[in-house]
Each structure stands twice: as C-alpha cells, then as structure tokens.
Amino acid sequence: MTIQKVEMLPIESLPQIVDDVVQSQEIIDIHTHLFAPAFGKLLLWGIDELLTYHYLIAETFRRSSVTYDQFWSTPKSGQADLIWQTLFINNSPLSEACRGVITTLKMLGLDLSSRNLQGYRDYFTDLSVDDFVNQAFRLANVKSVVMTNDPFDPVEREVWETYQADDDRFLAALRIDPLLNDYGNTGIETLQTLGYDVDGTLALSKQASRQVRRFLSDWIERIQPKYMAVSLPPTFRYPEDSIRGQMIQECILPISRQYNLPWALMIGVTRAVNPQLRLAGDGVGKVDLTCLENLLRENPDNKFLTTVLSRENQHELCVLARKFPNLMIFGCWWFVNNPSIIQEITQERLELLGLSIIPQHSDARIMDQLIYKWTHSRQIISSVLTEKYKDLINSGWELTRLEIERDVAALLSENFTTFLE
Ligand code: RAT
Ligand code: ZN
C-alpha cells in the first residue's frame with residue numbers, strides 16, 4: 001500500500017492558514033435571540049436597536065446621570081441618542097459591547113470618522129429587512145442560527161399559527177423557562193389558557209405531568225426544535241424535592257429522551273438583581289455543579305448541552321464533560337463573552353477536551369450583532385488554535401491544511417449537528 005504524500009505545514013505559515021480556515025468556515029450559531037423575517041417585529045435590527053442592546057443600557061447608567069424613570073419613558077430613538085452620546089462621544093467606546101457597535105458599523109461600510117448617528121440611521125432606512133438579513137449572514141459567514149422560541153409569549157405563539165418554517169437559516173429551539181422557574185404563575189396560567197388541564201396546585205399531580213408532557217410534545221411537533229432550553233439560577237439543585245425537581249424528572253427528561261432532543265441548560269443567572277434595569281438587571285452567581293453531575297450520571301440516555309455563566313464554574317464544567325460524553329459544552333455566555341475570558345475559556349476547553357466542544361455561540365439579539373459577535377469570536381478562536389497547533393508542531397507532530405479544516409469545521413458547525421443525531 002502506498003501512503004499518499006500530503007503537504008505538511010511549515011510553522012511560519014501557520015497563523016495565516018489557521019486564520020484563513022477559521023474565517024472561511026461557515027458557522028452554525030447554536031444560541032441566539034434572532035428571528036426569521038416572517039416573525040415581524042420580533043426580529044430586531046438597525047442602529048437604534050443595536051445601540052439600545054441591554055448590555056449597553058447597563059453601561060450607560062454608569063456614565064450618565066439619567067434616572068431610570070427618565071430613561072424608560074424616553075422613546076427608543078431618544079434612548080439610542082443618549083447611549084451614543086454617553087458611551088461613544090463623551091467617552092471612548094472601550095467595552096466589548098461598545099466595540100461591537102464599532103466593528104458592525106465598519107463592516108457595513110459606514111464612515112466611523114463622521115460619528116454622525118443620523119447618517120447611520122439613514123443607511124438603515126434605505127434597506128429592506130430581507131436585504132439586511134442577507135447581508136448580516138454574509139458578513140458574519142453564518143449558515144444558520146438557532147432562535148429562542150418561547151411558547152409562553154403570546155406574540156410569538158401567534159406567529160407560529162401561520163409560520164411555514166421555510167427559511168432554513170433559522171432553526172428553532174423550544175425555550176421552557178416558565179415551566180421550571182415560574183410554574184406557579186406564568187406556567188400554570190399559560191397552560192390553562194392553551195387548554196391544558198392542569199390544576200393550580202404547586203405539587204405536580206399525575207394528571208398535571210401528563211398535561212405538561214402533552215404541551216411539550218405538541219410544541220416539539222409544531223416547531224421541530226433542535227433542543228429544549230432553560231436558563232437556571234445559581235441556586236439550582238438536582239435532585240430536589242420541589243416542583244422544578246418533579247418537572248425535570250417527570251416531564252423534561254422523558255420527553256427529551258422520547259424525541260432524542262438535547263436539553264440545553266444555561267446555568268448561573270440570577271434574574272432581576274436590579275429590577276430597575278429591566279432586561280439589563282440580571283446578575284451572575286456560581287453554581288454547585290453537582291446538580292449537573294447527578295443529571296448526567298442518572299440519565300445516560302439523555303443528551304445535555306450546557307453553558308455556565310460564572311468564570312469560576314468553567315473549569316469544573318470541562319471536567320464534567322470529560323466524565324460524560326452525553327454532555328456537550330457550548331459558548332461563552334453573556335458576562336464571560338469578553339475577549340480576555342473567551343481566550344482563557346477556549347484554551348482551557350481545548351486543553352481538557354480537545355475538539356469535542358462547541359466553543360462559541362453569539363447570543364445575538366439584534367441581527368446586526370451577528371456581524372461583530374462572530375468577527376470578534378473568530379479572531380480569538382483563530383489565535384488560540386494557532387498557539388495550540390504551534391505547540392503540537394513543536395512537539396513533533398506534522399499537520400496538513402486539510403486536517404485543520406476538518407478540526408475547524410467540527411468546532412464551528414459539525415459538533416452540533418453530530419450531537420443532535
Ligand atoms: O445574553 C443575553 O442577552 C441575556 O439577556 C439572556 O438572553 C440569556 O442569553 C438567555 O438566553 O437567557
Ligand atoms: Zn440567550
């Protein structure tokens with residue numbers, strides 16, 4: 001048998017080659033808050049939306065004397081004016097969320113030297129939503145995004161009455177937070193409104209769990225999600241003698257197995273630490289990951305996707321993934337989605353888990369953000385990978401470009417699709 005000769009890479013050309021490969025790899029973005037254009041107003045895009053991103057709202061209150069009441073009673077364009085003036089004109093836009101706006105405007109070809117917000121608005125006025133979506137996907141080099149689909153939101157429910165799901169750039173995910181975090185209020189109320197016969201008590205009767213399972217099945221069949229998802233507080237425990245514990249055991253885990261649908265847990269958010277900030281008011285806390293360890297050990301036939309919000313939990317999460325192949329860890333979520341921390345987490349994950357991870361998701365809420373979130377993330381992924389490949393070459397391993405392409409495709413796209421199979 002003859003061994004085909006392949007061209008091995010010299011170490012000097014490595015940074016350029018890895019960067020080319022990372023830039024040209026199409027991405028599946030596994031968690032966003034974006035919507036297909038058919039969802040109408042639920043799809044946010046344009047400069048005023050970009051500037052009023054909740055990450056920037058939180059930063060504005062730190063540098064402006066505006067009161068909560070003044071801010072919230074101002075129309076969106078006025079809020080955007082204030083944010084622009086405060087974070088971009090009166091101060092240099094150094095934070096990651098601010099830099100994101102700059103990267104986006106630049107990649108859209110707008111003149112940053114003008115610093116003219118009205119000029120940026122005019123650019124968007126001339127665009128149709130479809131054209132803009134095409135442009136964002138092209139500039140971000142993203143193949144598809146997973147939406148966050150919430151059957152507890154009446155506005156979104158109405159869209160699903162007629163939505164054809166014919167735009168395959170937008171994949172669905174069934175978000176079920178109220179079932180696990182607010183069953184006594186939104187959970188029961190919504191189920192009853194939709195005709196599921198659950199009683200109002202806070203212990204899940206046999207009848208109520210049957211109804212919740214029916215609700216989940218109906219929505220899975222309707223929206224064909226890639227996974228079910230929930231965000232959980234740092235106080236999350238499992239097993240637990242609580243409505244949440246029961247819901248997980250009797251409804252979520254069996255349905256997840258029945259449909260071969262991963263359950264995505266996003267753990268570590270304390271909601272409304274400062275309620276005055278609304279969506280921008282959530283905080284972070286460390287979680288005792290024994291909860292996940294128990295879930296993984298007791299449910300080897302279930303698939304779990306997990307990301308954690310605190311920096312302190314990242315290492316433990318990697319170690320757990322080494323123990324349980326039914327756990328796929330993903331993304332640098334929200335408060336850890338900053339270059340210095342992404343770099344650290346990505347290195348840590350590659351060192352502990354090799355290529356068996358999904359290094360990033362965008363969490364984009366506004367279509368424009370797809371552009372900067374992936375531009376910034378690609379830069380870091382590329383530089384971390386370059387260092388790792390350099391170490392390998394220095395240790396004596398020879399690499400080909402094709403092997404690098406294979407690895408990057410796994411990280412940015414195929415690990416997700418394979419995990420779903
Ligand atoms: O990152 C965010 O925008 C947060 O507000 C949350 O949406 C978080 O990502 C979540 O999905 O709960
Ligand atoms: Zn999110």
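**Cysteines, a zinc site and a buried serine**

The sulfur of Cys318 is 9.9 Å from the closest cysteine sulfur, which belongs to Cys332, and this is too far for a bond. The model is a predicted one, in which local features need pLDDT of at least 70 and side-chain atom pairs count only at pLDDT 80 or more, while totals for chains, interfaces and linings use all residues. Residues are numbered from 1 along each chain as its sequence is written, chains are lettered from A and ligands numbered from 1 in the order in which they are written, and side-chain values use heavy atoms, with hydrogens and water left out. The structure holds 0 disulfides, a disulfide being a pair of cysteine sulfur atoms within 2.5 Å. Cys251 is likewise in no disulfide, the nearest cysteine sulfur, that of Cys291, being 19 Å away. Cys318 is buried at 1% relative accessibility and Cys251 at 0% (buried means under 20% relative accessible area, exposed over 50%, partly exposed in between, with a 1.4 Å probe and protein chains only).

The zinc ion (ligand 2) is coordinated at 2.0 to 2.1 Å by His31 (NE2), His33 (NE2) and Asp363 (OD), where donors are N, O and S atoms within 2.8 Å of the metal (3.2 Å for Na, K and Ca) and sites may look incomplete because water is not among the atoms. His33 lies in the loop between strand 1 (27-29) and helix 2 (47-51), and Asp363 in the loop between helix 16 (339-353) and helix 17 (369-394), so the pair ties together parts that are 330 residues apart in sequence; helices (H or I, at least four residues) and strands (E, at least two) are DSSP runs, numbered from the N terminus. His33 is buried, with a relative accessible area of 16%, and Asp363 is buried at 7%.

Ser256, placed in helix 13 (residues 243-258), is buried with a relative accessible area of 2%.
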